[in-house]
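The sequence and structure are shown first.

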Amino acid sequence: MSHSRNASDLSDLSDLSNLSTTISEPEYVISFNEDVYLAMQNAVVSTATYVVQAQQIIEQLATSQYRWITTPPSVNDVDASKVLDAMLRNAHRTGGESSERYTACAICACHEIHEQVNLARTWFMYLLWPFTAGTHQPSDLVSGQATPTIDDTYGSLLKRGFGVNLQQVNRRDGYRCVISGVWDGAHKPAGVQQGWVTLEAAHILKRAVGVFTMDRAHTAAATWNIIRHYSGMSEETIQNMERLVDDPSNGMMLQRDIHDIFDKLKVYLEPTERENEYTVKDVGGGPWIHPLDLLGKTITFRNHDSPTRDLPLPNPHFIALHAGISRILHMSGASEIFAQILDKYDGAAGGNIGSLKSNGDPVHQLSSMMSALFIGASLFT
């Protein structure tokens with residue numbers, strides 16, 4: 001049930017939801033970041049000072065009755081203070097000190113409650129939703145094309161193969177699931193008694209997040225403007241994402257069940273002190289992974305095809321961003337709310353959620369689903 005409702009929420013269909021307001025104004029997101037940039041360049045104020053100020057703002061917002069981002073009546077409202085808090089708490093682990101400074105400065109730049117809620121709404125829609133979209137949709141939306149369009153890939157933002165790079169990733173990872181160690185059946189050595197499966201190449205960052213098209217140029221630019229500041233990625237990496245999205249540096253070999261939960265942002269990799277070494281973690285609320293003793297397991301990426309081929313290892317910035325988004329979705333409650341929206345819309349659409357692709361634009365798809373749910377609620381009120 002949503003936090004609060006009144007008759008005007010449902011009768012005013014000219015503003016179907018607060019979420020929709022942000023969608024048509026990605027320029028606002030970019031302009032806001034320009035203001036934040038000026039604060040970030042102020043060498044007089046330390047990052048620690050900004051963080052303390054941001055924490056105080058969040059604490060005050062958490063006590064306000066106006067902190068909610070409105071959603072359709074059948075969906076829980078979004079607590080803006082939890083979104084801001086999760087973003088701030090995970091900033092340093094995701095993108096280092098620059099990410100923490102950006103996040104704190106963005107919060108501190110919002111002096112009024114409505115500005116703080118708008119910031120949370122922007123991150124909710126332009127950052128968290130694109131990473132979530134498609135994970136609850138039917139897999140048959142993916143066509144059999146070797147190079148699918150963004151519209152084809154939208155139904156399952158993580159394509160189940162890397163095309164020409166699939167074999168490269170498999171060779172690099174030694175034909176084994178990097179988390180469980182299970183062999184790929186076609187390459188299991190003779191005499192090995194261990195069980196096997198057909199492994200899949202998993203994207204770390206999903207294809208529709210990394211690929212730009214003219215249909216979604218504005219919203220994609222807004223999303224990547226946030227990612228650029230929050231992830232700590234270099235400008236060169238950002239500019240080359242359309243190429244890197246299918247590069248071995250954005251992939252790893254996983255068995256299907258682990259691939260699914262990794263794609264759904266329930267399991268992630270936490271870096272250790274050693275280069276290319278990670279610990280398997282989950283967001284809580286599971287169990288998500290089986291067997292459970294895989295949690296806490298330490299894995300190390302190395303090129304098993306060396307010195308024959310110099311294949312890149314998974315990019316640590318990609319892994320850190322995947323991990324950060326996984327934690328933020330769980331801590332903020334956004335994951336549950338997105339699931340409610342998808343479930344309610346799927347029910348209203350007669351189980352045909354996949355028909356709403358909105359030209360491959362995740363933000364506009366969320367707007368369409370929200371609008372449909374608001375209209376549906378008004379018809380029965």
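## Aromatic cluster

Phe 124, Trp 129 and Phe 338 make up one aromatic cluster. Rings of Phe, Tyr and Trp (its six-membered ring) pair if their centres lie within 6.5 Å, and planes under 30 degrees apart are stacked, over 60 edge-to-face and the rest tilted. The model is predicted: local features need pLDDT of at least 70 and side-chain atom pairs pLDDT 80 or more, while totals for chains, interfaces and linings use all residues. Residues are numbered from 1 along each chain as its sequence is written, and side-chain values use heavy atoms, without hydrogens and water.

## Aromatic pairs

The count is four aromatic pairs. The ring centres of Trp 129 and Phe 338 are 5.0 Å apart with planes at 55 degrees, so this pair is tilted. Trp 129 belongs to helix 6 (residues 113-132) and Phe 338 to helix 15, so the pair ties together parts 209 residues apart in sequence; helices are DSSP runs (H or I, at least four residues), numbered from the N terminus. Trp 129 is buried at 0% relative accessibility, where buried means under 20% relative accessible area (1.4 Å probe, protein chains only).

Phe 338 is likewise buried, at 0%. For Tyr 278 and Phe 301, the ring centres lie 5.7 Å apart and the planes at 70 degrees, so the pair is edge-to-face. Both Tyr 278 and Phe 301 are buried.

## Helix 15

Helix 15 (residues 334-348) also contains Ala 339. The C-alpha atoms of Ala 339 and Ala 133 are separated by 9.6 Å, at 206 residues apart along the chain.

Notes. Helices (H or I, at least four residues) and strands (E, at least two) are DSSP runs, numbered from the N terminus. Buried means under 20% relative accessible area, exposed over 50%, partly exposed in between (1.4 Å probe, protein chains only).
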